[in-house]
Amino acid sequence: MPKVSILIPCYNNAGWIEKSIEAALSQSVSSKEVIVLDDGSTDDSLNKIQSFGDRIKWETGPNRGGNVARNRLLEMASGEWVQYLDADDSLEEDKVSRQLEAATEDVDAVYGSVTVESWRSGELVDRFTSTPARSQDVYSQWLDWKLAQTGSVLWRTESLRSIGGWNEDYACCQDNEICLRALQKGLVFRQTDDSGAIYRLWSSGTVSKKNPERLLKTKTALIEEMLDWLESSGRLLDVHRIDAGKACFQMARLYAAADIDGASDYYKGMMAKGIMYPDATVAPPVYRALLSIFGFKFAEKVAKALRRSQG
């Protein structure tokens, strides 16, 4: 079985880093190395990393950002395959070994479902599995934002290096950007039924929650880049534009909670571009009726009032 490098960037995650390292060390794959990079943490993360001794490789340096750390880890990796693991996430113990079974010679990346956990005050309060639909092609899965969660993908090391690694200009949506670039470069993705990746939601200080406007702009720009590339390469289908419109509609609704005027302007702008599709899964019939008659802002105000009245 080929060697796998499990790569963990860490910045101020003292509460989780030990569990993440333990999950990496517990992987059932026979040949592995665990490499941790402390990205200038100011909490107790480094001490907890060092406590694992020679069971892991580690390095520390000044804070330079997540993608710089991921690229440095990629430089340090000696495995044929690399598994990234964010410092507050986890892996089921046979995640890597199961995906390696699907990693034939023609495959550059293997991905699957993600278990999403919500934590509050140190307690697990919700858990569900997000699975890319087999009925969708890889482009629709990407547009549905279900292809690219960082811990889900097992990468062939040389394939990842061949596309330049992670884009250090991105402060959010990094996993979606790298998968878009990989698809554009012709890398082959293979889906497995169960990936064993665990993504934890536990803090209000995440990139998306701290700056929802940046998330909206970055994600929209990536979606438009995907559509442009699909069209220019002769791959664009009607379903891709619909999936893109659903994603933009969901973003508009989420953004409305922070800035209803900005969300309304965004909705109108994307409607003008033909990339807006009211999704029945996040907009019930009454909402869609109000939307068609009175517009986005009015529908959102009514929806907000109803949520308040229901507690």
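A residue counts as buried when its relative accessible area is under 20%. By that cut-off, helix α11 buries Gly262, Ala263, Ser264, Tyr266, Tyr267 and Met270. The model is predicted.

**Helix α11**
- Helix α11 runs over residues 260-272.
- Its 13 residues, at 1.5 Å a residue, should span 18 Å. The end C-alpha atoms are 18 Å apart, which agrees with that expectation.
- Asp259 caps the N-terminal end of α11. A side-chain oxygen of Asp259 lies 3.3 Å from the backbone nitrogen of Asp261.
- Gly274 follows α11 and has a positive phi, near 75°.
- The cover over the buried residues of α11 includes α9 (212-232) and α10 (238-256). It also includes α12 (285-294) and α13 (296-309).

**Nonpolar cores**
- In soluble globular proteins, nonpolar side chains tend to be buried together.
- The largest nonpolar core here has 60 residues. Trp142, Trp155, Leu160, Phe189, Ile223 and Met226 touch the most other members.
- Helix α10 gives the most to this core, with eight residues.
- A second, separate core holds 25 residues, including Cys10, Ile49, Leu85 and Val107.
- Phe189 belongs to the largest core. Not counting residues up to four places away in sequence, Phe189 touches Ala109, Tyr111, Val138, Leu147, Trp155, Cys179, Ala182 and Leu183.

**Cavity**
- A search of the whole structure finds one cavity of 30 Å³ or more.
- About 30 Å³ of space lies in the largest cavity.
- The lining of the largest cavity is made of Ala256, Ala257, Ile260, Glu300, Lys304 and Arg307.
- Helix α13 gives the most to that lining, with three residues.

**Glu33**
- Glu33 sits in strand β2, residues 32-39.
- Its relative accessible area is 6%, so Glu33 is buried.
- A polar atom of the Glu33 side chain lies 2.7 Å from the backbone nitrogen of Ser78.
- Leaving aside neighbours within four places in sequence, Glu33 is in contact with Lys3, Val4, Ser5, Ile6, Lys57, Met76, Ala77, Ser78 and Gly79.

Methods: Residues are numbered from 1 along each chain as its sequence is written. This is a predicted model: local features need pLDDT of at least 70, side-chain atom pairs count only at pLDDT 80 or more; totals for chains, interfaces and linings use all residues. Side-chain values use heavy atoms; hydrogens and water are left out. Helices (H or I, at least four residues) and strands (E, at least two) are DSSP runs, numbered from the N terminus. The expected span of a helix is 1.5 Å times one less than its number of residues. Buried means under 20% relative accessible area, exposed over 50%, partly exposed in between (1.4 Å probe, protein chains only). Contact means heavy atoms within 4.5 Å. A polar contact is a pair of N or O atoms within 3.5 Å; within protein, one must be able to donate a hydrogen and the other to accept it, and residues adjacent in sequence count only if both atoms are side-chain atoms. A nonpolar core is a set of buried Ala, Val, Leu, Ile, Met, Phe, Trp, Tyr and Cys residues joined through side-chain atoms within 4.5 Å. On a 1 Å grid over the protein atoms alone, a cavity is a set of points where a 1.4 Å probe fits but cannot get out, and a pocket is an open set with protein on both sides within 12 Å along at least five of seven lines; lining residues have an atom within 4 Å of a point. Grid points are joined across faces, edges and corners, and a volume is the space filled by probe spheres set on the points.
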